[in-house]
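Please read the following briefing alongside the sequence and the coordinates. The points are grouped by topic and are meant to be checked against the structure as you go.

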Amino acid sequence: MKEPILQCQNVCFSYHNLTGETSALTNISFQINKGEFVSVVGPSGCGKSTLLSLIAGLNKPESGSIFLTNPENTKIGYMLQQDHLLEWRTIYKNIMLGPEISKTINPESEKQALTLLNDYGLSRFQDKKPGELSGGMKQRAALIRTMMLSPKLLLLDEPFSALDYQTRLMVSADIGRIIRSAGITTVLVTHDLSEAIALSDRILILSKRPATIKKEIAVSLTLPDDSLLAARNAPEFQYYFSILWKEISDEYGTDSL
Amino acid sequence: MNMEQTASKQEISDAQKVFLQKHQRHHHFVTIMRILILVLFLVLWEVSARMQWIDTFFFSSPSLVATFFIEMVLEGSFFIHTGITLFETLISFLLINVISLLVSTLLWYSKTISEILEPYLVVLNSLPKSALAPLIIVWLGTGTDTIIVAGISVAVFGSIINLYTGFKQADAEKLKLITTLGGTRFTAFTKVILPSSVPLLLSNMKVNIGLALVGVIIGEFLAARRGLGYLIIYGSQVFQLNMVITSIIILCFIAMGLYQCLQWAEHWYLKHK
């Protein structure tokens, strides 16, 4: 059952500048299994986003290796912190940016775009400019843009952090549901512990910089109902939260408060 | 948005009427004062000339300028001189924009090239370009080419620096987005940098058109037998101040007209983007 899609082995990475080097990641090893939803949490500035850039291949690890089990068949979708919709394009044109860049605009991709717009409840807005949409809708549009690549592995870099709290609760639950129903393997980087618990199968906790994997927690929640906030109402929620909180606050130490 | 809609459906309230009236009155006042200043200036100029408070040999007068202008139109020299200056300005303007867009793109594309060329650009930009004009004349002779090159030299370096700085300010995360979608640096340029820089390109053009005109007039001062710059220099040498002042006034209109065209282009863009 546990079929790895991605494996990281002893990955190290540092940033270099003239005043010296900053070691961001040391000896990171983990694997992501097919269909899994894994969250990465850790103290701020610990190198969570760096890890995603490495997985996406935007940067190369200094040592160690990152490999996909089936590189030809594993398209990676990467969703950034802000929606980064281009304000001079309509929503539809924004969504078609991926196919446009890879020069694969065809009736098929156009149909896919319309289907996704419809599924995510944005078809009424396809000819609007991003400025006319609410934050939640823009984030959904950004997700569609990522989904247009038909990714097998989805990387989410704090995709909800630009939203206000209420929208964030709604959109994270909503997007979590969409991703799960599509069965896409996902790595989510977040600093929101409750979001990590509510969405994931497994949580990796990173230590402070230079980050290593401090602990791995498998999450299983008993869902009381199927509402959007069901996961947050699960009886185990508080338990997981206190574990995570303890691990992370240990990293900050007492002197940083 | 909803509030605006409900407000526009209702009858206009008295307070709104007062506000609109006030706004309109202010607008009229500004227009009237603008015209009044011009009329007052012309009347004062004409009266002082007629009453011989000023010497028309040196200061001319509105009626003398008008007469001279009509003569110019009738004998066709107006069209030749204005046409040639306008032509040279437009060609310079066009070339400035093309060259600076190409060079600034190259600089943006390669950080190494931009680092290497930076000091040269800074020097060329701060150098008074009129100092180059005699050199250009020796190299290219006294013709249209020289004047167009003079026009280009005044604006092109500033324009390159301006565009390059603008390109550099593009959001790094947006460039990352393009990379995550499988694009190259070149794709990032065509999909993100260029479209987001249209307002910058337009405002840069407004600066360029003015500078191109400056360069062309400098060129014509030194190396022309036709054009408004030539008329100004020639007129001052033979003490034909009517000619000088008429040419300057025509230049005012050209400058205003060219700027206005770009203003319209900008409005059109803002409306249709």
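In this predicted model, chain B contains 13 helices and zero strands, and its pattern along the sequence is accordingly written as α-α-α-α-α-α-α-α-α-α-α-α-α. Chain B is more spread out than a compact globule, because its radius of gyration is 25 Å, well over the 19 Å that the globule rule gives for 273 residues.

**Chain B: extent and packing**
- The C-alpha trace of chain B spans about 75 × 70 × 30 Å along its principal axes.
- Of the 273 residues in chain B, 30% are buried.
- Among the contacts in chain B with a separation of 6 or more, 72% come from residues 24 or more positions apart.

**Chain A: the six-stranded sheet**
- Chain A holds an open sheet of six strands with mixed pairing, in the order S5-S6-S7-S3-S8-S9.
- Strands S5 (76-79) and S9 (213-218) of chain A stand at the edges and each have a single partner strand, so one side of each is left without a neighbour in the sheet.
- On average, and with direction ignored, neighbouring strands of this sheet are turned by 15° against each other.
- S5(A) runs parallel to strand S6 (residues 153-157) of chain A and is joined to it by four bridges; A:Tyr78 has A:Leu155 in S6(A) as its bridge partner.
- Helix H5 (residues 135-147) of chain A packs on the sheet, where it touches S5 and S6 of chain A, and its direction makes about 160° with that of S5(A).

**Where the chains meet**
- Twelve residues of chain A are in contact with 15 residues of chain B, and helix H3 (residues 97-101) of chain A gives the most to the chain A side, with three residues.
- The side of chain A that touches chain B has eight nonpolar, four polar and no charged residues.

Notes
Residues numbered from 1 in each chain as written. Chains lettered and ligands numbered in written order. Predicted model: local features only at pLDDT ≥ 70, side-chain atom pairs only at ≥ 80, totals over all residues. Contact = placed C-beta atoms within 7 Å. Helix = DSSP H or I, 4+ residues; strand = E, 2+ residues; numbered from the N terminus. Nonpolar A, V, L, I, M, F, W, Y, C, P; charged D, E, K, R; others polar. Pairing = 2+ DSSP bridges. Axes fitted to C-alpha atoms, helices over the stretch in contact; angles between N-to-C directions. Rg over C-alpha atoms; globule rule 2.2 N^0.38 Å. Buried ≥ 20, exposed ≤ 12 C-beta atoms within 10 Å, placed from the backbone.
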